[in-house]
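Reader: I would like to learn how to read a structure like this one. Could you walk me through it, feature by feature?

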Amino acid sequence: MDIDLNGSKVFAHTGGQNFDPSLPVMILIHGAGNNHTFWGMQTRYFAHHGYSVLALDLPGHGQSNGQPLQNISEIASWLWKVIECLRASQVNLVGHSMGSLIALEAAAMHPEKVESLILVGVAERVAVHKDLLRAALDDDPSAYDMITDWGFGKWSHLGGHQVPGLWMQGGSRALLASGSPGVLGCDLVACNEYTQTIEAAKNITCPSLILIGSKDRMTPPAMAENLIKNLVNVEIQTIESTGHMIIVERINETIDIIADFLIRVAT
Amino acid sequence: MVEAKFLKFDTLSLHAGQHPDPIHGARATPIYQTTSYVFPDVDHAASLFNLERAGHIYSRISNPTVAVFEERMAALEGGVGAIGTASGQASLMLAVLTLMDTGGHIVASRNIYGGSHNLFLHTLPRFGIQTTLVDPRNPDEFRKSILPETRLLFAETIGNPGLEILDIPLVADIAHESGIPLMVDSTFTTPYLMQPFKHGADIIMHSATKWIGGHGIAIGGVLIDSGNFDWEKSGKFPTMTEPYLGYHGLDFVEEFGPSAFVMRARAEGMRDFGACLSPQNAFYLIQGLETLSIRMKRHVENARAIAEFLIEAPEVSWVRYPDLEGHPDKDLAKKLLPNGSGSIVTFGIKSGGGGARKTGAIFIESLEIFSHLANVGDAKSLVIHPASTTHQQMDAEELQAAGVGEEMIRVSVGLEDTADLVSDLRQALRLSQK
C-alpha cells in the first residue's frame, strides 16, 4: 500500500491483506540497503495470522520516494509519523540489523505506544568495517559481496534455502544491487554513527525479543550482551549455525519464534 | 582492502544446495522418491499453499532432491534461483509462458536447436505468440526486429549447429534498452565455460541432459533467474507486476523482489503446466555436476585436438570450431569463453561418389567409437548428420539460413583417448570417399 506522508509516497507491503488498524499492528523494518522484500514469507505469514503487517520501504528504498535519511534517530522519528498517519495506537516493532536499531530508538521515543519489540541481528554497536563503508559510499559493488559474505553463516554459504530452488547469496546480492546509488552508503554511515543503544534500551518498557544467529559475524552474539542487560523483560532466542541474515537463513524458525513470542506477549 | 570470500566453482559444484542428511548422515544427496509431504497440522498446510512458509507440498511443484540440483545450478550460474524441468524444452516453454500471453512476440536467433526453432515458428503461433528470427552475428537485427509487443530476446550462447558465439553484452544492451530481458540457452557452454549473467543475460536455460548430466542417462532441464531484470521499471510484464488471481492477488515483484520471475515460474508454471524434473533424474544430474569442471576441461582438450586433425584431413572441406583461426567469432570466443569453446565440432565432408548425403551416411556408419545418435554432451563421443535428423523439419531455405548444409557433420567430442578418436575418424573418412 502507498502511504502519503506530507506529499511523499511511503510504500508498505501488507502481505496480501488490507491494512486494518483494529488488528494488532506489526511493523517490519528492513536493514541497510534492503527493502520490504527482505521479509518475504514472514510478511505473508503474519498478515494471514491475525496481524496487520506493514513491511516498510524506508525513504529512498524500494518503492518509497525521497532520499535515505541520515541517522537512526531521524528514521525513528519518520517511523512515528508513518504510524500516526495510519492511526495505529499500539504497534509491535520488528527490525533486522539497521532496522533493529531503528526499532529500538523508536520504542525508546514512545515506549507507551509499543506493545512489543523484536530485534533480529542486533548489537550494542553496529560498527561497519572501514572497507565496507568506503565501498558502499563509492557505490562499489564489492560492498554487496562483503555484506553477502559476512552476512551469511558458513553453513548457509553451502546453500540450503528453505524455499526450494532459491540461492541465498544470489538473492542477497541482487537485492542490494537493486537499490539506488548512495542508499547503502548512507545507511551504513547511520549504523556506524549510532551509539545510543544502551540509553535507548533503558527507556524500553515493553517485552523484548532478541533473535540471535549463533554464527553472526556482523553483529556477533557477544556484542549484544550489554544491550540485553539493559533491557527489562527481555527474551533471548539463539538459532544455531546461523549468521546475520537470520530472516533469510531460517525462514520457518523465525516465523515460529516470533509467532510464539507474540502470542505470549498478548496473553 | 578486504575481499569477500565465497566458495569457488569446484567446491560449489560438489556441495551447493546440500548438507549431509541430518537424520541418517547420508553424504550423497538422497533421492526423495515421494510425491508428497506430510503436513504437521492444518494451519501449516494452509501456510505452505499460501506461500507464507517455506517447504515442499507436492513433487510436481518442488522436491528436496530436485531442489539440491536447482540450488546448485543457481549457485554455479550466480543467479537468485532455479527451477528444474522435465527437459530443456520444458524450460524454454516455461520461460515463454511465464513472460507473455497471446499477442506476445519474441526475437530469437535463427541459429538454434531444431526443437526450439519449431517451437518458435510452428507451435507458439498457434497460441498467438509470434517470433522473428535473426542472424545472431548481426546484433543490429535484434534491435530492428523489436516490436512494441516484444517480450523476450533469445539466443544460444553457442549456436547449434553453426557454432556462432553470441555477443551477449551487446545483445543484452539492446534488450535492456527496450525494457526486455535476454534469455540464453547455455547448454553448449555450461557454467564452467561461461556464466552468462556476468555478461548481462537475465535468464539462462540449459538442456541439462547434455554436459551437465554428462553421461547420456537422464533427460532434464533447468531455468535460472539472474534476479537483475527490473520488471517494474520495464512495465511490460503484468505477470510479474500485477495481482495474480491464481494466488489471491499476489504481486510477485512486490512480494519477492529479485526472485519474482523464478517464484512466478514455479508457483504458476509448475502448478499448472507441470513439466517437472523427477527426483531420480535430478540425482543423476547432480552426479554430473560434481565432475563438471574436470569433464569440461577434457571435453575441450579433445575437441581442439579433433578440430586440428580435421583441418588437415584431405576428405574434409571445412571445419568449424570457435577456437580455430579463421572462425568468424574467434576473438569473441577468446573474450567470452576463456576456458574453451565447448566440445562440438562441425565439418563438411567432401562429396564422394553418391553425393553429400550418401558420403555422410557412409562416414557415419563406418565409425566404430563415435555413436550415431541424437544427443550431444555425453561422456562418449557422438556424431550426427543434422540436415537429416535434428534439423530435418527445416526446409532448404531455413537450413541455409541456419547454416546447415547437406555436407555438414556434427561431432560431440567425448572423453575417450584422443588418439583413439582421431584414428576412428581417419578410417571412417577414408571409407567415405571410396
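This is a predicted model: local features need pLDDT of at least 70, side-chain atom pairs count only at pLDDT 80 or more; totals for chains, interfaces and linings use all residues.

Reader: Let's start with chain B. How many helices and strands does the secondary structure of chain B come to?

Author: Chain B has 18 helices and twelve strands. Its radius of gyration is 22 Å, close to the 22 Å that the globule rule gives for 434 residues, so chain B is as compact as a globular protein of that length. The C-alpha trace of chain B spans about 75 × 55 × 50 Å along its principal axes, and buried residues make up 54% of the 434 residues. Among contacts in chain B with a separation of 6 or more, 72% come from residues 24 or more positions apart.

Reader: Now the open sheet. In what order do the five strands of chain B stand?

Author: The general idea is that strands of a sheet pair through backbone hydrogen bonds, either parallel or antiparallel. In this case the order is S8-S9-S12-S11-S10 of chain B, and the pairing is mixed. Strands S8 (316-320) and S10 (371-372) of chain B are at the edges with a single partner strand each, so one side of each is left without a neighbour in the sheet. S10(B) runs parallel to S11 (residues 382-384) of chain B, and two bridges join them. In that pair, B:Ser371 has B:Leu382 in S11(B) as its bridge partner.

Reader: Which strands does helix H14 of chain B touch where it packs on the sheet?

Author: H14 (residues 292-312) of chain B touches S8, S9 (344-349) and S12 (408-412) of chain B, and its direction makes about 15° with that of S9(B). Helix H16 (residues 356-366) of chain B also packs on the sheet, touching S9, S10, S11 and S12 of chain B. The direction of H16(B) makes about 130° with that of S9(B).

Reader: And how do I read a helix pair?

Author: Two packed helices are described by the angle between their axes and the distance between the axes. For H3(B) and helix H13 (residues 279-290) of chain B, the axes come within 8 Å and cross at roughly 35°. This crossing is left-handed. Among the residues that meet are B:Val68 and B:Phe69 in H3(B), with B:Phe283 and B:Leu289 among those in H13(B). The residues of this helix contact divide into nine nonpolar, one polar and one charged.

Reader: How many residues does the contact between the chains take from each chain?

Author: It takes 42 residues from chain B and 36 residues from chain A. Helices H3 (64-77), H11 (252-256) and H12 (260-273) and strand S1 (81-85) of chain B each supply at least two residues of the side that touches chain A. H3(B) gives the most to that side, with five residues. The residues on the side of chain B divide into 18 nonpolar, 17 polar and seven charged.

Reader: Turning to chain A, how many residues lie between S1(A) and S2(A) in their hairpin?

Author: There are two residues between them, and A:Asn6 in the turn has a positive phi of about 50°. S1 (residues 2-5) and S2 (residues 8-13) of chain A run antiparallel, joined by four bridges. A:Phe11 in S2(A) is the bridge partner of A:Asp2.

Reader: Last one: is A:Gly151 buried or exposed?

Author: A:Gly151 counts as buried because it has 25 C-beta neighbours inside 10 Å, where the cut-off for buried is 20 or more. A:Gly151 is found in helix H5 (residues 142-151) of chain A. Leaving out residues up to four places away in sequence, A:Gly151 touches A:Ser172, A:Met218, A:Gly243, A:His244 and A:Met245.

How values were computed. Residues are numbered from 1 along each chain as its sequence is written. Chains are lettered from A and ligands numbered from 1 in the order in which they are written. Two residues are in contact if their C-beta atoms, placed from the backbone, lie within 7 Å. Ala, Val, Leu, Ile, Met, Phe, Trp, Tyr, Cys and Pro count as nonpolar, Asp, Glu, Lys and Arg as charged, and the others, Gly among them, as polar. Axes are lines fitted to C-alpha atoms, for helices over the stretch in contact, and angles run from 0 to 180 degrees between N-to-C directions. A crossing is left-handed if the near helix is turned anticlockwise from the far one by less than a right angle, and right-handed if clockwise. Two strands pair if DSSP finds at least two bridges between them. The radius of gyration is taken over C-alpha atoms; the globule rule is 2.2 Å times the number of residues to the power 0.38. A residue is buried if 20 or more other C-beta atoms lie within 10 Å of its own, exposed if 12 or fewer, and partly exposed in between; C-beta atoms are placed from the backbone.
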